[in-house]
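Please keep the sequence and the model at hand while reading.

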Amino acid sequence: MNNKPKIGVYVCHCGINIAKTVDVNTVTEFASHLPNVKVARNYSYMCSDPGQLLIREDIKNEGLNRVVVASCSPRMHELTFRKTLAEAGLNPYYLEMANIREQCSWVHEEGERATGKAKKLVAAAVSKVRLLEPLQEKEVDVEPATLIIGGGIAGIQAALDIANAGFKVYLVEKTPSVGGRMSQLDKTFPTLDCSACILTPKMVDVASHPNIELFTYSQVEEVSGFVGNFQVKVRKKARYVDVDKCTGCGACAQECRLSGRIPSEFDVGMGKRAAIYLPFPQAVPAKYTIDSQRCLFLTRGKCGKSPKCVDACAAGAINFEQKDEIAEFKVGAIIVATGFDVFDASRKPEYGYNDYVNVITSLELERLVSASGPTGGSVMIGTGEDASVPREIAFIKCVGSRDKSVGNEYCSRVCCMYTAKLAHLVEEKIPGANVRVYYMDVRAFGKGFEEFYDRVRREGIRYIRGNPSEIFKRGDKLVIKVENTLTSTPMEDEVDLVVLGVGLEPRKDAREIIDLLRLSQSADRFFLEAHPKLAPVDTATDGVFLAGCAQGPKDIPDTVAQAKGAASSALVLLSSGRVKVQAQISFVNEATCRGCGFCVEICPYGAIELVTVNRMGHQVSVARVNEALCKGCGACAAGCLSGSVQQKSFMDRQILPQIAVLGGMR
Amino acid sequence: MKEQFEPNVVAFLCNWCSYAGADLAGTSRIQYPSNLNVIRVMCSGRVNPLFVVNALQQGADGVLISGCHPGDCHYMEGNFYARRRFALMKELLEYVGVDARRFNMSWVSASEGSKWKDVVQGVVEKAKEAGPFEQFRRNKINW
């Protein structure tokens, strides 16, 4: 085959997105005179069917063997046009894109300059495409299993969907029980379903499903490999309780010397637990765990004459000798469902969360109204004999959301509705209570939300538009200072209880996951999806998907929907059984390689090794790339002293012409 | 005369962070000077110091290398290599008398569209101050 480049250049109008600023006819005319260009055309939408047909026809009729598409970002449509080339029988890697939309027409209003830049970008693409080489895409088998990190409702739902489709799931949860934040909620808006009633059956399913291997109180330590073939290392932290023997009777916790003295994480510190504990009554697995930070025996080596839990346990399940265990397995896909943290209300000191016992967060109220909570479901201020029932109750919304002063510009999306729900529940639990809500805006956007908000207002809950500036104590009342922004009147409101509607934040330990999986964060510090519209569950790392609030604040229905999306994306991989791996990888010219091993040291993936070859009767060592391990970063190519290591499609001799054009063209 | 000088800057952007950040600037319609042209590489670690010298030889008045923030590299450590190479090369180029305002490095993440604008403005401004670069100039483009 004659491999003399015959290039087709296709300039896209993108409707008016490009054509409005860039003179596409001038660019096309300019392109037609560039070296080796056989055809140059422009069209309103290159990515449309007729646009792609144009390319395919030209490949067939004009004998094109290289294609340049000047349109949007290659991150948008490179795959589309690669497919077009392949359909016309051309190697898909004979394509180069010139980004004249995102990095030209959209950022330069001035037409002449934009056109000039577009010409340069097209010329650079033409200079590169001439030198591109055909690449073969290799396929590898996909390990038919999925790792799911996080056992909240997102992780649970995704695990069940994948397991029901017949694939193995490893579900890893950091805390001793699955259930996540949803298990802490009492009722869910807007239907007022009992949260536990709809969640616990799913928790039990996850634990008993034959295709799901559940790791609670465990952490993912290491992930290596690539899409379809990840190697995972999980640390199962020592519970100091033999889970096979533990019956979950709870005798140990009753006897524990620290019983009722350690703030319960599940009850957000409102209730107390022992050093050996079950996070909450419906916990799955219903196995006790010893808090190694608190347990007297584990921290001081001594607990009275002998640890009381050991004496109490009839099953003999307690084992202080237990060690962490490491489990290793392979998976084809990974779903990150690590959830969120609630905003720490003490970061808004003007609301006095740290100072007054009767300023609480919405999650704390959630535990108070819950029948399984520390007060058995009654709303009380304080504990013991001093406890009193509040009459005047105020909710403050947007605490830690839509607030640049704490670095959270985003809306947490659930606070409007959970406030309405909690206001309703409080009204129900304390007949005759006066409940008001201070708000900036009410965002009741979901199915049934507006109706619920309406219902709550009809029940007598007052909504006052204003963002309180300060809360202080006067006598035994709290005073809220606020300006009613609808009537422009400053006011002071005396109440018994203030509930702060705290927002959702990225988890404090998000860094661990970022380091593990090379994820990016968006501006709000939640994990970044591959595309905000069209790839909302994918990430930049192939085979890694997002579900739930790890990606951004969302309510339970949205979380479940996204979890199902992530599960289906993982299933696409698993059920096809094969995945294409990166073709633009490194290779070594063994004839010029001097075997210094620089590239071996540089490679972050250990994908290059030195091997001994026979060169004209001499045994010499040269570098060799393991194609399955290479991810195509090109760090080795930049480090090679002799230019023997090169990255396919990003070879020195392919990039230098681009530099020549962009540097030299005025 | 000096005011009319429009510098020409060649930029090397990693695919995952900076190129995506520049795309986001476009999607958000953030306006910035058109003097900078981008070459996409998969990782800033791919940028051979030779590329920078070559760009200056070919007629660029300034060069920018931009990658993921330290610790966020899609390939784990490519941006650290880029940083190390850049630091060494910067010393060398300064030694041979090239104005340090001509070569720049930045970290721009996929969500930092407005930071990308600031970076471009800064780089172009500095190249403008440094004036046309003739020192390394080759007489003709050799491709």
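In strand 22 of chain A, A:R436 is the bridge partner of A:A394. This is a predicted model, in which local features need pLDDT of at least 70 and side-chain atom pairs count only at pLDDT 80 or more, while totals for chains, interfaces and linings use all residues. Residues are numbered from 1 along each chain as its sequence is written, and chains are lettered from A and ligands numbered from 1 in the order in which they are written. Helices (H or I, at least four residues) and strands (E, at least two) are DSSP runs, numbered from the N terminus. Two strands pair if DSSP finds at least two bridges between them.

Strand 21 (residues 392-399) and strand 22 (residues 434-439) of chain A run parallel and are joined by five bridges. With helix 12 (residues 415-429) of chain A, these strands make a right-handed β-α-β unit; a crossover is right-handed if, with the strands pointing away from the viewer, the path from the first strand over the helix to the second runs clockwise. Strand 22 of chain A also pairs in the parallel sense with strand 23 (residues 462-465) of chain A, over four bridges. Within this pairing, A:Y438 has A:I464 in strand 23 of chain A as its bridge partner. The β-α-β crossover from strand 22 to strand 23 of chain A passes through helix 13 (residues 449-458) of chain A and is right-handed.

## Two antiparallel sheets in chain A

Axes are lines fitted to C-alpha atoms, for helices over the stretch in contact, and angles run from 0 to 180 degrees between N-to-C directions. Five bridges link strand 24 of chain A to strand 25 (residues 477-484) of chain A in the antiparallel sense, and A:F472 stands opposite A:V479 in strand 25 of chain A.

A further open sheet of three strands in chain A has the order 11-12-17, with antiparallel pairing. Strand 11 (218-226) and strand 17 (325-331) of chain A stand at the edges with a single partner strand each, so one side of each has no neighbour in the sheet. On average, neighbouring strands of this sheet are turned by 20° against each other, direction ignored. Strand 12 (residues 229-236) of chain A pairs with strand 17 of chain A in the antiparallel sense over seven bridges. There, A:R235 has A:I326 in strand 17 of chain A as its bridge partner.

## Backbone exceptions in chain A

Most residues other than glycine have a negative phi, and most peptide bonds are trans. A:Y217 is not a glycine, yet its phi is positive, at about 50°. A:Y217 lies in the loop between strand 10 (212-215) and strand 11 of chain A.

A:F189 and A:P190 are joined by a cis peptide bond with omega of about -10°. A:P190 is in the loop between strand 8 (187-188) and strand 9 (193-194) of chain A. Another cis bond runs from A:V284 to A:P285, with omega near 0°. The loop between strand 15 (276-277) and strand 16 (289-290) of chain A holds A:P285.

## Helix packing in chain B

Helix 1 (residues 18-27) and helix 4 (residues 113-130) of chain B pack at an angle of about 100°, and their axes are 7 Å apart. Helix 1 of chain B is therefore roughly perpendicular to helix 4 of chain B. Angles under 35 degrees count as roughly parallel, over 145 as roughly antiparallel, 65 to 115 as roughly perpendicular and the rest as oblique.

## The contact between the chains

The contact takes 46 residues from chain B and 45 residues from chain A; two residues are in contact if their C-beta atoms, placed from the backbone, lie within 7 Å. On the side of chain B that touches chain A, the largest share, seven residues, comes from helix 1 of chain B.
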